[in-house]
Amino acid sequence: DVVPTLCRQVDDELMLAQRWHDIDNYEAYYARIEALKQRTDTLRQLPAMLSSNQALLGQEAEIAHEFHSTVLDVSGRVDVLHSLWGVVHNFHQHYNAWFHGVFDNIDPNTVTGTVAFWKAELTRLGSCFSDDSSRSVIDRTQGSVQEFEQYIPLMTYMRNPGLRVRHRSLLFQHTLHPSYGDVNLDTQVTLHDMAALGWHKAPRIDAIATISATATKEPTIDCRLAS
């Protein structure tokens with residue numbers, strides 16, 4: 001009776017989990033679904049362990065085989081819910097670090113790859129759910145990811161390793177915020193600060209892109225002149 005009892009318990013909790021919709025509680029939801037996944041990972045092993053036990057009589061082996069499909073069904077449903085709240089959890093964790101953290105810690109390539117993964121995963125998960133609560137979570141998270149994506153060009157330009165002091169002086173001139181001229185961009189200004197000043201929007205982002213492109217070309221030009 002161990003396997004069917006555990007399946008019923010997990011199924012009951014899963015029914016509750018499918019009603020989750022308050023994204024503000026993502027940390028609590030993710031912790032609960034993580035614990036539920038650990039239980040189903042253990043549960044997934046039980047039927048195989050029972051059916052492979054040579055000491056089992058024929059009827060007992062048949063019972064173990066019968067519940068194998070039930071275990072796979074329950075654990076599969078837990079897996080997709082775990083994937084959904086995993087994306088929600090990871091997005092909010094990274095968003096806080098990237099948007100409000102030290103700008104120098106941002107790697108634009110990592111951000112681009114991570115955002116692309118989230119978008120692909122949310123699209124995949126969209127075909128896995130039909131209930132209103134999960135669909136709402138997917139739609140809202142997709143919207144949040146898409147909104148954040150607009151800052152990737154700014155991160156890419158401003159984290160250009162070719163930027164020098166003279167380029168940064170030009171950046172501050174073109175963004176019309178000379179008060180930031182004496183600020184250490186990497187440690188004192190966040191992506192949130194730049195967004196609040198509208199650096200990710202035209203025409204400022206266009207000026208930033210031009211200066212960043214110049215900074216990228218200059219080392220090559222210097223090398224040619226030196227040779």
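This report describes the fold, core, salt bridges and selected residues of the structure shown above.

## Model and confidence

This is a predicted model, in which local features need pLDDT of at least 70 and side-chain atom pairs count only at pLDDT 80 or more, while totals for chains, interfaces and linings use all residues. Residues are numbered from 1 along each chain as its sequence is written, and side-chain values use heavy atoms, with hydrogens and water left out.

The pLDDT is the predictor's confidence in each residue, on a scale from 0 to 100. Its average over the protein is 82, and 78% of the residues score at least 70. Confidence is highest in helix α4 (residues 108–126), with a mean of 97, and lowest in α8, with a mean of 60. A contact here means heavy atoms within 4.5 Å.

## Overall fold

The protein contains 10 helices and 0 strands. Both kinds of element are DSSP runs numbered from the N terminus: helices are H or I runs of at least four residues, and strands are E runs of at least two. Along the sequence the pattern is therefore written α-α-α-α-α-α-α-α-α-α.

Of the 227 residues, 38% are buried. Buried means under 20% relative accessible area, exposed means over 50%, and partly exposed lies in between, as found with a 1.4 Å probe and protein chains only. The accessible surface of the protein comes to about 12,900 Å², and carbon and sulfur atoms account for 53% of that surface. Such areas come from the Shrake-Rupley method with a 1.4 Å probe; for residues, only the protein chains shown count as cover.

Contacts also show how the chain folds back on itself. Among those between residues at least 6 apart in sequence, 80% join residues at least 24 apart.

## The nonpolar core

A nonpolar core is a set of buried Ala, Val, Leu, Ile, Met, Phe, Trp, Tyr and Cys residues joined through side-chain atoms within 4.5 Å. The largest one has 53 residues, and the members that touch the most others are L84, W85, F148 and M155. Helix α3 (residues 58–100) supplies the largest share of this core, 11 residues.

F148 illustrates these contacts. When neighbours within four places in sequence are left aside, F148 is in contact with F91, Y95, W98, F99, V111, V115, M155 and L191.

## Salt bridges

A salt bridge is a side-chain nitrogen of Lys or Arg within 4 Å of a carboxyl oxygen of Asp or Glu. The whole structure holds 8 of them.

| Pair | N to O distance |
|---|---|
| E13 and R39 | 2.5 Å |
| R77 and D73 | 3.5 Å |
| R135 and D139 | 3.8 Å |

The salt bridge between E13 and R39 links distant parts of the chain: E13 belongs to helix α1 (residues 2–17) and R39 to helix α2 (residues 26–51), 26 residues apart. E13 counts as partly exposed because its relative accessibility is 35%, and R39 is likewise partly exposed at 33%.

R77 and D73 are both in helix α3, 4 residues apart, which is about one turn of the helix. R77 is partly exposed at 23% relative accessible area, and D73 is partly exposed at 43%. R135 and D139 are both in helix α5 (residues 132–149), also 4 residues apart, or about one turn. The relative accessible area of R135 is 27%, so R135 is partly exposed; D139, at 42%, is partly exposed too.

Salt bridges can also be joined together. K37, D41 and D79 are linked in a network of them.

## Selected residues

The loop between α9 (191–196) and α10 (204–226) contains P203. The peptide bond from A202 to P203 is cis, with omega near 5°.

H200 lies in the loop between α9 and α10. H200 is buried because its relative accessible area is 12%. Leaving out residues up to four places away in sequence, H200 touches Q150, Y151, L154, A195 and I205.

Q188 lies in helix α8 (residues 185–188) and counts as exposed, at 52% relative accessibility. The C-alpha atoms of Q188 and V102 are separated by 7.3 Å, although these residues are 86 residues apart along the chain.
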